[in-house]
Amino acid sequence: MKKKNFLFLLLTTVAGLMFALGMCMCLVPEWDLFKSGVVVTGLGLLALMVVAFTAWIRAGKPVAKINWALAGKIAYGVVSALVLGAGMSMIMVFDDLLLPGIIVGVVGIVMLLCLIPLCKGLKD
């Protein structure tokens, strides 16, 4: 392994660990470190973006054009997964939201199923 590849691996690992530790600091209530966790998560994300950008430049690749259709499909998929997750959370966490949670979950499933013709298209 070359030194530059090892350095890239090391920096990516450290940045990923910073991001993961920051998320844990935010989400584990016993630690009571939400504000510090947001800062550590932001720094980890920033470090990951800097490492990715420098790797892109080092590879000598041209700046890619944004494919807005693909970006829209990805955003739709993320929103669909969040709707399904919200329905599941409503069912499992809140006792009085069983029926609305089922409805929201089914809507999320239908939204995710609509991704198939959106990405592959409809054929005869």
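1. A contact, as the term is used in this note, means heavy atoms within 4.5 Å. Among contacts in the protein between residues at least 6 apart in sequence, 50% join residues at least 24 apart.

2. This is a predicted model, in which local features need pLDDT of at least 70 and side-chain atom pairs count only at pLDDT 80 or more, while totals for chains, interfaces and linings use all residues. Residues are numbered from 1 along each chain as its sequence is written, and side-chain values use heavy atoms, with hydrogens and water left out.

3. The protein contains five helices and zero strands; the order of elements from the N terminus is α-α-α-α-α. Helices (H or I, at least four residues) and strands (E, at least two) are DSSP runs, numbered from the N terminus.

4. The radius of gyration of the protein, taken over C-alpha atoms, is 20 Å, well over the 14 Å that the globule rule gives for 124 residues, so the protein is more spread out than a compact globule. That rule is 2.2 Å times the number of residues to the power 0.38. The C-alpha trace spans about 55 × 55 × 25 Å along its principal axes.

5. Of the 124 residues in the protein, 15% are buried. Buried means under 20% relative accessible area, exposed over 50%, and partly exposed in between (1.4 Å probe, protein chains only). The protein exposes about 9800 Å², of which carbon and sulfur atoms supply 77%; accessible areas come from the Shrake-Rupley method with a 1.4 Å probe, and for residues only the protein chains shown count as cover.

6. The mean positions of the 10 positive and 5 negative charges lie 33 Å apart. Lys and Arg count as positive and Asp and Glu as negative, whereas His and the chain ends are not counted. Each charge is placed at NZ of Lys, CZ of Arg, CG of Asp or CD of Glu.

7. S80 belongs to helix α3 (residues 68–93). With a relative accessible area of 0%, S80 is buried. Residues up to four places away in sequence not being counted, S80 touches G108, M111 and L112.

8. A search of the whole structure finds zero disulfides, a disulfide being a pair of cysteine sulfur atoms within 2.5 Å. C24 is in no disulfide, and the nearest cysteine sulfur, that of C26, is 9.3 Å away. This separation is too far for a bond. C24 is partly exposed, at 36% relative accessible area, whereas C26 counts as buried at 18% relative accessibility.
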